[in-house]
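Please read it beside the sequence and the coordinates.

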Amino acid sequence: MKKFVLAYNPVSGGGEFKKKLDKIVHLFQLHGCLIVPYRTTPADEGFIDCLKAVRPRGIIVAGGDGTLNRTVNLQLKAGFELPLAIFPSGTSNDFATCLGVGAEKLSHYVERIASDKRRLIDIGKVNDRYFVNVVSAGRLTSVAHGVDRRLKNTFGKLAYYMRGLGELPKFRPLQLNVNADGQVRSCAAFFVLIVNSRVVAGLKNVSVEAQFDDGKLDLIMLEQCGIPDLVGFTAELVARKPVTANAHITYLQAEKFFIDCAEKLESDIDGESGPCLPLHVETIKKGLEIYF
């Protein structure tokens with residue numbers, strides 16, 4: 001019998017996933033699979049011990065991008081290269097959206113997992129931490145970290161947009177230095193994103209060129225512009241238009257990046273607080289296997 005550890009976040013998305021737990025266990029049992037639930041915690045001290053004890057065929061992650069990020073980091077740093085399945089159930093499920101999981105019937109996805117349908121994808125690494133979808137720094141990062149959990153649970157992704165629109169008049173540029181595979185650029189910019197997929201903060205087609213299996217990451221940097229242009233850029237984002245053609249955007253593809261700033265600046269990794277700059281970012285080609 002195939003065994004899977006189901007790592008679920010009990011508070012993601014207002015805790016709605018817990019209502020589906022029995023159904024998921026039942027669906028896997030119909031395919032001759034055993035599910036071992038693991039309730040995640042902020043520290044997750046027991047997760048690796050759980051993997052050692054169960055010795056599962058794969059891991060199923062139920063939560064948002066932050067839960068996925070923590071699970072990937074825990075298993076890879078411990079030397080467990082197990083395939084992952086994603087049941088998106090957080091406020092933001094960007095990577096799952098890009099992969100196309102969660103938009104179909106649950107039973108179909110369970111069937112593919114049980115049938116061992118999987119593929120290798122790229123991930124990123126920033127300093128000593130892995131990321132699956134995005135690392136960012138700048139004014140948008142501070143906005144995201146300032147969103148109250150109650151607002152996220154009530155309004156979902158809209159909470160980020162509400163907070164961001166209110167902060168636009170306060171935006172000021174940062175002096176950022178970027179090295180992308182040896183190509184050096186220094187400019188005043190509002191933020192920088194390095195993405196592995198087309199979906200960021202619930203916004204599709206942020207980078208139409210980004211692919212999670214091309215061996216590269218995509219850098220998107222919004223350079224200094226006036227408030228009217230900044231408002232127009234925000235409108236393009238919300239309208240889900242590709243932003244890489246915007247006149248104020250610097251867009252680069254590379255395997256490795258180095259990013260520094262003239263002032264202290266915190267980063268964001270898959271929606272969670274990351275280290276302060278400077279950042280060393282690299283592509284880990286085919287670094288993660290996923291059920292697809």
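In helix α2 of this predicted model, the buried residues are F47, I48, C50, L51 and V54. Seen down the axis of α2, these buried residues fall within an arc of 155°, so they line one face of the helix. The face of α2 that is turned away from this buried side carries D49, K52 and A53, which are exposed. The background to such a pattern is that an α-helix has 3.6 residues a turn, so residues three or four places apart point the same way.

Helix α2, which covers residues 47-54, packs against helix α3, which covers residues 65-77, at an angle of about 60°, and the two axes are 10 Å apart. That angle makes α2 oblique to α3, and α2 passes α3 in a right-handed crossing. A second pair of helices can be described in the same terms: α1, residues 21-30, packs with α5 at an angle of about 45°, again with the axes 10 Å apart. The helices α1 and α5 are therefore oblique to each other, and their crossing is right-handed.

Which residues of α9 are buried? They are L230, F233, T234 and L237. Viewed down the axis of α9, the buried residues fall within an arc of 100°, so they too line one face of their helix. After α9 comes R240, whose phi is positive, near 65°.

In general, most residues other than glycine have a negative phi, and most peptide bonds are trans. D181 is not a glycine, yet its phi is positive, at about 50°; D181 is found in the loop between β8 (174-180) and β9 (183-195). With a relative accessibility of 47%, D181 counts as partly exposed, since the exposed class begins over 50%. K286, also a residue other than glycine, has a positive phi near 50°, but K286 lies in strand β15. At 52% relative accessibility, K286 counts as exposed. As for the peptide bonds, a cis bond joins L277 and P278, with omega at about 15°. P278 is placed in the loop between β14 (272-276) and β15 (279-291).

| Pair | Separation in sequence | C-alpha separation |
|---|---|---|
| L84 and L68 | 16 residues | 9.2 Å |
| A254 and N179 | 75 residues | 9.5 Å |
| G100 and F292 | 192 residues | 8.4 Å |

L84 is found in strand β4, which runs over residues 84-88, and it is buried, with a relative accessible area of 1%. A254 is found in strand β11, residues 249-254, and with a relative accessible area of 0% it is buried. G100, by contrast, belongs to the loop between α4 (94-99) and α5 (106-114), and its relative accessible area of 39% makes it partly exposed.

Finally, there are the cysteines. How many disulfides does the structure hold? It holds zero disulfides. C33 counts as buried at 1% relative accessibility, and C225 counts as buried at 13%, both values being judged against a limit of under 20% for burial. In helix α2, C50 is one of the buried residues as well.

Technical notes: Residues are numbered from 1 along each chain as its sequence is written. This is a predicted model: local features need pLDDT of at least 70, side-chain atom pairs count only at pLDDT 80 or more; totals for chains, interfaces and linings use all residues. Side-chain values use heavy atoms; hydrogens and water are left out. Buried means under 20% relative accessible area, exposed over 50%, partly exposed in between (1.4 Å probe, protein chains only). Helices (H or I, at least four residues) and strands (E, at least two) are DSSP runs, numbered from the N terminus. The arc is that of the directions from the helix axis to the C-beta atoms. A disulfide is a pair of cysteine sulfur atoms within 2.5 Å. Axes are lines fitted to C-alpha atoms, for helices over the stretch in contact, and angles run from 0 to 180 degrees between N-to-C directions. Angles under 35 degrees count as roughly parallel, over 145 as roughly antiparallel, 65 to 115 as roughly perpendicular and the rest as oblique. A crossing is left-handed if the near helix is turned anticlockwise from the far one by less than a right angle, and right-handed if clockwise.
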